[in-house]
Amino acid sequence: MRVYFYAGERPSEGLVNLRNALRDAGHNCLRLRARGSQFTARRDRVIINWGCSDNEVHRLADHGVSRVLNGVPSIANAVNKRDTFQLFQREGIPCPPAFLDFEAAQRALIATRCRIYARTKLTGHSGDGIVMMLRQDDPAINQNMGNVPVVVFGTDGIVTNGAGDHIRALANCNLFTLGRIGKRTEYRVHVFGGQVIHRSIKLRRNREDGQGERNPTLVRNVNNGWIYGNTEGVPAQVDELAVRSVAALGLDFGAVDILYYDGAQPEALALEVNTAPGLSPDSSALLRVS
């Protein structure tokens, strides 16, 4: 079987590692050109769509002659965070409460002991485009937030602190997700063909040198000192949710980011599904195309 990758013009170390793993498994693998490819669709050829929602992959597949893993409509739903949350809610996938307008998010912030993640970019990644909405009594108020903008509200809903441009940006947002105050664990679970193939846990990058406690904890991305490390100790509830989340978006594969709250009533919440995930050489070797 010949395996072809379509990733548009994006560079991807994960894609390179996956290609190498599949070659080691005996597959003939090639990357398709972003435009003008002379690829000929055949039934013994598989196209792995690596996070692209443009119509070029439809042309390459020649209307279904070649099999496509992760079709364009499913990728489009996964890339747009608002569409993802709406699909999750419709399909009964546990996820953080989401609001589509500023007024609703503001009311939730005032009424509950929570914090709000406002998305100024629906297709952003790694925390790009997030503005934090916090109550003035939030215990995280004095934390170092890194490069994440913060707007602080009093219990009456009046802004007490925040730059004017960030306050104006909130009024134009149409996705706000609610975050609980308290300890949680973040996992990334890779799913392929309805099965979990790899698990990782989000860790402070500098925790081993004693500096991790000074890293911000509200937005856990690389810029703020967080990375994923391999783990086997994932609750069954997390694995199950990952498989359901990928299926709900109609995807063949994806890496699901999940929040897990341990306690008397453990709860797992799906955040998003990455359709062009980072893959190490070890984790990519787990993926097999048949």
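The legends below describe close-up views of one predicted model.

Figure 1. The chain contains 8 helices and 15 strands. Of its 290 residues, 50% are buried. The exposed surface comes to about 14,100 Å², and carbon and sulfur atoms supply 46% of that area. Among contacts with a separation of 6 or more, 61% are between residues 24 or more positions apart.

**Figure 2. Confidence along the chain.** The average pLDDT of the chain is 84, and 87% of the residues score at least 70. Which elements have the lowest and the highest mean pLDDT? The lowest mean, 62, belongs to helix 8 (residues 281-284), and the highest, 97, belongs to helix 7 (residues 236-248). In residues 208-216 the pLDDT is below 50. This stretch has 16 contacts in the model beyond near neighbours in sequence.

**Figure 3. Strand 11 and its two partners.** Strand 14 (residues 253-261) pairs with strand 11 in the antiparallel sense, over 8 bridges. Within this pairing, histidine 190 has alanine 255 of strand 14 as its bridge partner. Strand 12 (residues 195-204) also runs antiparallel to strand 11 and is joined to it by 6 bridges. Here arginine 188 stands opposite serine 200 of strand 12. In a regular strand, side chains alternate between the two faces of the sheet.

**Figure 4. The turn between strand 11 and strand 12.** These two strands form a hairpin, with 2 residues between them. Glycine 193 is in the turn and has a positive phi of about 60°.

Figure 5. Leucine 109 belongs to helix 5 (residues 102-111). Is this residue buried or exposed? Leucine 109 is buried, because its relative accessible area is 1%, and buried means under 20%. Leaving aside residues up to four places away in sequence, leucine 109 touches Cys114, Arg115, Ile116, Met133, Leu134, Arg135 and Phe153. Glycine 154 is 45 residues apart from leucine 109 along the chain, and their C-alpha atoms are separated by 9.7 Å.

**Figure 6. Two residues with positive phi in one loop.** Most residues other than glycine have a negative phi. Aspartate 62 has a positive phi, near 55°, and is placed in the loop between helix 2 (56-61) and strand 4 (67-69). Histidine 63 lies in the loop between helix 2 and strand 4 and has a positive phi of about 60°, although it is not a glycine. Aspartate 62 is partly exposed, with a relative accessible area of 40%. Histidine 63 is exposed, with a value of 79%.

Methods:
Residues numbered from 1 in each chain as written. Predicted model: local features only at pLDDT ≥ 70, side-chain atom pairs only at ≥ 80, totals over all residues. Heavy atoms only, no water. pLDDT = per-residue confidence, 0-100. Helix = DSSP H or I, 4+ residues; strand = E, 2+ residues; numbered from the N terminus. Contact = heavy atoms within 4.5 Å. Buried < 20%, exposed > 50% of the residue type's maximum accessible area, 1.4 Å probe, protein only. Areas by Shrake-Rupley, 256 points an atom, 1.4 Å probe, with all protein chains shown as cover. Pairing = 2+ DSSP bridges.
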